[in-house]
Amino acid sequence: MASYLLSLGFFIAICSIALASDPSPLQDFCVADPTGPVLVNGFACKDPKMAQASDFFFSGLHMPGNTSNPVGSKVSPVNVAQIPGLNTLGISLARIDFAPWGINPSHTHPRATEILTVIEGSLEVGFITSNPDNRLITKRNTGHGNAVAIAALSSQNPGVITIANAVFGSKPAIANDLLAKSFQTDTKTIDWIQSKF
């Protein structure tokens, strides 16, 4: 019986990790009303009788993003801000364009799980496990040309926290002596890095 309960507890722990997503919708659709006065987890719904085809449509995913920037990539999100009809549906996506040797900086999505599909070219992608192991799990297939990928996310508004921007570009700034100690370097180096953000 104890081993059964242990197995059941392990199964429940695995399932609870796998089931992270937006809440299930309670109606057919809930077109976002960003001007709505009600504060809810997401957006208030506009009157369903006022829904239009344009609330469920996005044009432009076929258009390459401008990768002429320091990181050599462009993320084009398609979430509830672009398609109001995604409100409460727990799904969004993004197109990511990469110049040769471009990167999508290290980031996390605080409200979503992500799956990435490479449509054109080849990329190196991966993730790092949590503390204390911090193990890099990566798949290499790096090429020399442009690449395009589609990311699917389990939230209508997944959010994104780019690690370097959050740490070195926070407002107000994190004290340079704290960052120097955290990164085991000196404040001059931290000041130089913060000047980039």
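**Figure 1. The disulfide between C30 and C45 in the predicted model.** In this predicted model, a search of the whole structure finds 1 disulfide. The bond is formed by C30 and C45, whose sulfur atoms lie 1.7 Å apart. C30 sits in the loop between α1 (2-18) and β1 (32-33), while C45 belongs to strand β2 (residues 44-45), so the pair ties together parts that are 15 residues apart in sequence. The torsion about the S-S bond of C30 and C45 is about -100 degrees, and the disulfide is therefore left-handed. The two cysteines can also be described by their accessibility: C30, with a relative accessible area of 1%, is buried, whereas C45, with a relative accessible area of 41%, is partly exposed.

**Figure 2. The protein chain and its order of elements.** The secondary structure of the protein chain comprises 4 helices and 10 strands. Read from the N terminus on, the elements follow the order α-β-β-β-β-β-β-β-β-β-β-α-α-α. Of the 197 residues in the protein chain, 25% are buried. When contacts between residues at least 6 apart in sequence are considered, 65% of them join residues that are at least 24 apart.

**Figure 3. The open sheet of four strands.** An open sheet is formed by 4 strands in the order β3-β4-β9-β6, and their pairing is antiparallel. Because β3 and β6 (114-120) stand at the edges and have a single partner strand each, one side of each is left without a neighbour in the sheet. From one strand to the next, the twist averages 20 degrees. As a general point, the strands of a sheet pair through backbone hydrogen bonds, and the pairing may be either parallel or antiparallel.

**Figure 4. The pairing of β4 with β9.** Within the sheet, β4 and strand β9 (residues 147-153) pair in the antiparallel sense over 7 bridges.

**Figure 5. The largest nonpolar core.** This core has 6 residues in all, namely I96, F98, L123, A147, A149 and A151. At least two residues of the core are supplied by each of β4 and β9. Of the contributing elements, β9 gives the most to this core, with 3 residues.

**Figure 6. N79 and its surroundings.** N79 is placed in the loop between β3 (73-78) and β4 (92-98). With a relative accessibility of 12%, which is under the 20% limit for a buried residue, N79 counts as buried. A polar atom of the N79 side chain lies 2.8 Å from the backbone nitrogen of A81. If residues up to four places away in sequence are not counted, N79 touches L86, S92, Q156 and P158.

Figure 7. The peptide bond from N131 to P132 is cis, and its omega is near 10 degrees. P132 is located in the loop between β7 (125-128) and β8 (136-139). A cis peptide bond also joins K171 and P172, where omega is about 0 degrees. P172, in turn, is found in the loop between α2 (163-168) and α3 (176-182).

Figure 8. Although T88 is not a glycine, its phi is positive, at about 75 degrees. T88 is found in the loop between β3 and β4, and at 22% relative accessibility this residue counts as partly exposed. W101, likewise a residue other than glycine, has a positive phi near 65 degrees. The place of W101 is in the loop between β4 and β5 (107-108), and at 60% relative accessibility W101 counts as exposed.

Terms used:
Residues are numbered from 1 along each chain as its sequence is written. This is a predicted model: local features need pLDDT of at least 70, side-chain atom pairs count only at pLDDT 80 or more; totals for chains, interfaces and linings use all residues. Side-chain values use heavy atoms; hydrogens and water are left out. Buried means under 20% relative accessible area, exposed over 50%, partly exposed in between (1.4 Å probe, protein chains only). A polar contact is a pair of N or O atoms within 3.5 Å; within protein, one must be able to donate a hydrogen and the other to accept it, and residues adjacent in sequence count only if both atoms are side-chain atoms. Contact means heavy atoms within 4.5 Å. Two strands pair if DSSP finds at least two bridges between them. Axes are lines fitted to C-alpha atoms, for helices over the stretch in contact, and angles run from 0 to 180 degrees between N-to-C directions. A disulfide is a pair of cysteine sulfur atoms within 2.5 Å. A nonpolar core is a set of buried Ala, Val, Leu, Ile, Met, Phe, Trp, Tyr and Cys residues joined through side-chain atoms within 4.5 Å.
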